[in-house]
Amino acid sequence: MGLNKEEFLALENKARELRKLTVDTVMWAGGGHIGGALSAIDILTLLYYKYMNIDVSNPKWEDRDRFVLSKGHIGVGFAPVLADKGFFDKELLKTYNHTYSKLGMHLDKNKVVGLDASTGSLGHGLSIALGMALGGRLLGKNFKAYCLLGDGECNEGSVWEAAMAIAHFKATNVITIIDRNKCMIDGRTEDVMGLEPFADKWEAFGFEVRTVDGHDLYALTEVLDYAIKAQNKPVAIIADTLKGCGVADIQDDYRYHYASVSEDAAAKYKKQIDEYHDKRLKLQEKSNG
Amino acid sequence: MANLNYTMFDAEKMSTAEYYGKTLCELAAKDSRVVGLSADLAKSTKIGALEKDFPERIFNFGIAEQNMFAAAAGMAEVGLIPFVSTFAVFASMRALDQFHTDACYQNMNVKVIATHAGLSFGQAGSTHHCTEDIGIMRTMANCRVIVPADGRETVNAVKAAYENDGPFYIRINRGYDMPVYPNSDYGFELGKAIQMTDGTDLTIIACGSCVIRAIAAAKQLEADGIRARVLNMHTIKPIDKEAIEKAVVETKRIITVEDHNIIGGLGSAVAETVTEFGKTCVMRKLGVPDTFSIIGLHEDLMAEYGYDANGIVKTAREIIGIQVIDEENWDDDDF
């Protein structure tokens, strides 16, 4: 599939917008999981604006690709994506977490249009995606089941039950992506509960592993293209990311797993996001010669 | 206590789980969306019956219940009708977070047929007994709970689960159940208790393997001139409030009988209805008295804890002697 320059620029711009909309949403919500939302934005951008075969006018379309946000706590980063895609009005984001709002900290698929699974309890998503993939295969459908996991979440034994089964059933229609931001609530992953050698673990469970810079759209495209084509072995993409990516004040700091954002802070964070994306764009242009 | 499991002699041709397996095969034959999921217990739970004619529609997840339950929800999301089977103790507790969040919360069309429920796997000990599942499952919003009285009722319960969208929990026993019904055509209706005997002296409300024991108890009581109404409360949720309220008004005495902890199960569900109804009623709950059971044969354990036919008769005689006090005659000095 690849990524041409025009597409790249559009997606870069989209990721920038979505980061800023995430900051606003955290502000409107009175707090949210900002760190892990910002680390996942580039992955979500590529999935929803390049890869996933979905129809916004027919959100329940049976043949659509499915997406399971296993790290369900980053609703404040995912709802902006669904709203921006047009599944619902962006104005709804301003009601986030409010009493009677359709949008809460962990999104509910029976309330949020465009959502394929209600997640929040960690370690469930990969199994749900597997069920979707096995079902799709049985029903003769070609859709993919994408799953985005947090790295801290991989402490859960159920993740490895799912991994074992995906390899066993050769469910290559599950696309496993791990947001490896190396932080969890109580500290850095290696301090709280070590995951390394992380890639080796996935390999031992029968996956082909691709480790990639999770904030490099070209690199992510390359591995996603690879994972989608893979027929023999399922692929696990370990996306090396930064918690709070784009906001210098909170970046790579596990203490910003969850935070509230004042109006002033939001303005500052959004300025930092612009600075981050300007810099990232320049670096990318430089490396492309 | 006898060292024989007498149900083996009384057994008809099939164990309760075999009725389930055959019913599932029938459903699978007419509906390609029906699939079976098991966690290395395909043979024991009889879900493996699908293997012969529908090998591509039976999924063995190995000994990994959490993965199985969440995957079932994923399968339901894409349009399949997954039947999930493992032992009740694992179905209700080992992967409860997955059943709660992925099936019930999302209101997915996932059917759990849990086998080896209550003390029916008596010799296996408390790691394989399950006397908590009714209590757990009836607190899951969206989930309906059925406890069939025998194999024939299991057929009806499984069909009801198939016909009604959304999550179901059906609990059946290990091995053979003495037949309560000669066939499956007796007018089973989800959420409607079935009156097995007529009587106005007291009502015995039972479910599962306790129904046949309640009927036997009613026969014994008849010899004493005590006429007991027996209700087969196969559906614990939604509970048949009307039948319970009728029992309160017409018999004023209720005994509940279940192969489950007396806390949280059928007895508690009936008690909730009785207290909200607000009419005077004497009530006793029979079942496992909030303890981890001793090891033994199912029938022996029911006798040990006083919810076999003799135990029911004993409790019935006790409460028949209690004077039911009408509200207007209550005296504060009684307390």
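Predicted model: local features only at pLDDT ≥ 70, side-chain atom pairs only at ≥ 80, totals over all residues.
A residue is counted as buried if 20 or more other C-beta atoms lie within 10 Å of its own.

Chain B contains 14 helices and twelve strands. Its C-alpha atoms occupy a box of roughly 65 × 45 × 35 Å along the principal axes. The radius of gyration of chain B is 20 Å, in agreement with the value near 20 Å that a compact globule of 335 residues would have. Of the 335 residues in chain B, 58% are buried. Among contacts in chain B with a separation of 6 or more, 78% join residues 24 or more positions apart.

Within chain B, strand E9 (residues 228-232) is mostly covered, five of its five residues being buried. In a regular strand the side chains alternate between the two faces of the sheet. Both faces of E9(B) are covered. On one side lie Ala228(B), Val230(B) and Asn232(B), and on the other Arg229(B) and Leu231(B), all of them buried.

Strand E9(B) pairs with two strands of opposite sense. With strand E7 (residues 194-197) of chain B, the pairing of E9(B) is antiparallel and extends over three bridges. With strand E8 (residues 202-206) of chain B, the pairing is parallel and extends over five bridges. Leu231(B) in E9(B) stands opposite Gln195(B), and Leu231(B) also stands opposite Ile205(B). Together with helix H10 (residues 210-223) of chain B, strands E8(B) and E9(B) form a right-handed β-α-β unit.

Helix H2 (residues 16-30) of chain B comprises 15 residues and spans 22 Å from its first C-alpha to its last, close to the 21 Å expected at 1.5 Å a residue. The buried residues of H2(B) include Thr16(B), Ala17(B), Tyr19(B), Tyr20(B) and Gly21(B), and also Thr23(B), Leu24(B), Leu27(B) and Ala28(B). These buried residues pack against two groups of elements in chain B: the strands E1 (34-38), E3 (81-87) and E4 (111-115), and the helices H3 (42-45), H4 (50-53) and H9 (151-163).

Val249(B) and Cys281(B) are separated by 32 residues in sequence, and their C-alpha atoms are 8.3 Å apart in space.

In chain A, Gly152(A) is located in the loop between strand E2 (145-150) and helix H5. Gly152(A) is buried because 26 other C-beta atoms lie within 10 Å. When residues up to four places away in sequence are left out, Gly152(A) touches Met184(A) and Thr189(A). The C-alpha atoms of Gly152(A) and Met193(A) are 8.1 Å apart, with a separation of 41 residues in sequence.

The contact between the chains involves 23 residues from chain A and 24 residues from chain B. On the side of chain A that touches chain B, the elements giving two or more residues are helix H4 (125-138) and helix H5 (157-168) of chain A. The largest share of this side, ten residues, is provided by H4(A). By residue class, the side of chain A that touches chain B consists of ten nonpolar, nine polar and four charged residues.

How values were computed. Residues numbered from 1 in each chain as written. Chains lettered and ligands numbered in written order. Buried ≥ 20, exposed ≤ 12 C-beta atoms within 10 Å, placed from the backbone. Helix = DSSP H or I, 4+ residues; strand = E, 2+ residues; numbered from the N terminus. Pairing = 2+ DSSP bridges. Right-handed = clockwise from strand over helix to strand, strands pointing away. Contact = placed C-beta atoms within 7 Å. Nonpolar A, V, L, I, M, F, W, Y, C, P; charged D, E, K, R; others polar. Rg over C-alpha atoms; globule rule 2.2 N^0.38 Å. Expected span 1.5 Å × (residues − 1).
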